[in-house]
Amino acid sequence: MSDLDTHATDIHEQFSDHLEVSVADVRQRLRTLVDEYKVPIDEARRSVTNHYLEEAGLDRDAISRGGSEAVQIEDVDEPEQWIDLTAKVIELWDPRSDAVAQVGLLGDPTGTIKFTKWAKSDLPALEEGQVYNLQNVVTDEYQGRYSVKLNSTTVIEAREEDLEVGDDTTDLGGALIDMQRGSGLIKRCPEEDCTRVLQNGRCSEHGEVDGEFDLRIKAVVDDGIDAHEVIFNKEATEELTGLTLAEAKEMAMDALDTTIVADEIAAKILGTYYRIEGPTFGRYVLADEFEELTGPADTERVLIKARSM
Ligand SMILES: [Zn+2]
């Protein structure tokens, strides 16, 4: 089955009890978005799901795939999965929206993950330091960071025993072999709490907006065993490249082209060896600390390998 077929079947399964809709209808909607509008498949899936939710007059919470799977936090690597977690509430944060009852950080021996509990789900309050079985939570992803959402179908059960929370810091040393799209001078959505990276001046949530400039690098670092995806935020990018956001903006304005910034950065860092340390969020390592290493002189081999990936 193609990717599209799999997604279409999944979505159809979610709505088959609620709507008269065929797999072919779902597939057609996905195909239109993906082929004609060049929307990434994940976004197309969300958009089509939302369409059917609206048509059925349902909340997203009402659509449970049933049969959630018990997993550990480090195994969360896909959005929209229904899972069970046994985790400790490490921290509670102040919700920034009335729609959110509680938000904070959960931990288990394999790592940590953000959680959100909707106000309308009407669930009991979680307490800091307490371990819970959380049945039927949904995974979500934003910029490579995963989170879980507690919803009205979630079953919360407090546990007697304590749980050791694992350190999810990654420490790696290797050659920076590639820079991914979306690196360099980017624009983010200015809406409160959004900060999504704009594609052609559009936010996937808020449409056309006046973006705010930011600097970021999404890099691939090869430690000789694995390729790791590493994100450098503005501060880290400025420190790594010696290029400030103001200078990057000026450079782009002079050239009437923002891609010049990514090219400049790539020329500086590709093939260079770094030691990088930082927390892991989903498949990304966030570069909190880093230093340049005097790596093997054989950068040619590394770059050949990069091109073959
Ligand atoms: Zn937005």
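The model on display is predicted.

C189 is buried, with a relative accessible area of 2%, whereas H206 is partly exposed, at 34%.

Remain in the loop between β9 and β10 and select T195, which is found there. Its phi is positive, about 55°, although T195 is not a glycine. Most residues other than glycine have a negative phi. T195 is partly exposed, with a relative accessible area of 36%.

For a second case of this kind, move to E80, in the loop between β1 (69-70) and β2 (82-93). E80 is likewise not a glycine and has a positive phi of about 60°. Is E80 buried or exposed? With a relative accessibility of 11%, E80 counts as buried.

Now turn to the largest nonpolar core, which has 27 residues. Select I217, F232, V261, I269 and I276, the members that touch the most other members. To see where the core is drawn from, show β8 (169-179), β12 (212-222), β13 (227-232), α4 (234-241), α5 (245-255), α6 (259-269) and β14 (273-281); each supplies at least two residues. The largest share, 5 residues, comes from α6.

Centre the view on I269 and display its neighbours. Leaving aside residues up to four places away in sequence, I269 touches L176, M179, I217, L240, T241 and Y274. Apart from this core lies another, of 18 residues; among them are I83, L85, I113 and L123.

Return to strand β13 and select H228, which lies in it. H228 counts as buried, at 18% relative accessibility. Draw the distance from the side chain of H228 to that of D223: the two make a polar contact at 2.9 Å. Not counting residues up to four places away in sequence, H228 touches L172, A219, V220, V221 and D223.

Finish with helix α3, residues 41-56. This helix has 16 residues and reaches 22 Å from its first C-alpha to its last, close to the 22 Å expected at 1.5 Å a residue. Select A44, R45, V48, T49, Y52 and L53, which are buried in α3. Which elements do the buried residues of α3 pack against? Show α1 (3-15) and α2 (23-36), for these are the helices that the buried residues of α3 pack against. The last stop is G57, which follows α3 and has a positive phi, near 65°.

Methods:
Residues are numbered from 1 along each chain as its sequence is written. This is a predicted model: local features need pLDDT of at least 70, side-chain atom pairs count only at pLDDT 80 or more; totals for chains, interfaces and linings use all residues. Side-chain values use heavy atoms; hydrogens and water are left out. Buried means under 20% relative accessible area, exposed over 50%, partly exposed in between (1.4 Å probe, protein chains only). A nonpolar core is a set of buried Ala, Val, Leu, Ile, Met, Phe, Trp, Tyr and Cys residues joined through side-chain atoms within 4.5 Å. Helices (H or I, at least four residues) and strands (E, at least two) are DSSP runs, numbered from the N terminus. Contact means heavy atoms within 4.5 Å. The expected span of a helix is 1.5 Å times one less than its number of residues. A polar contact is a pair of N or O atoms within 3.5 Å; within protein, one must be able to donate a hydrogen and the other to accept it, and residues adjacent in sequence count only if both atoms are side-chain atoms.
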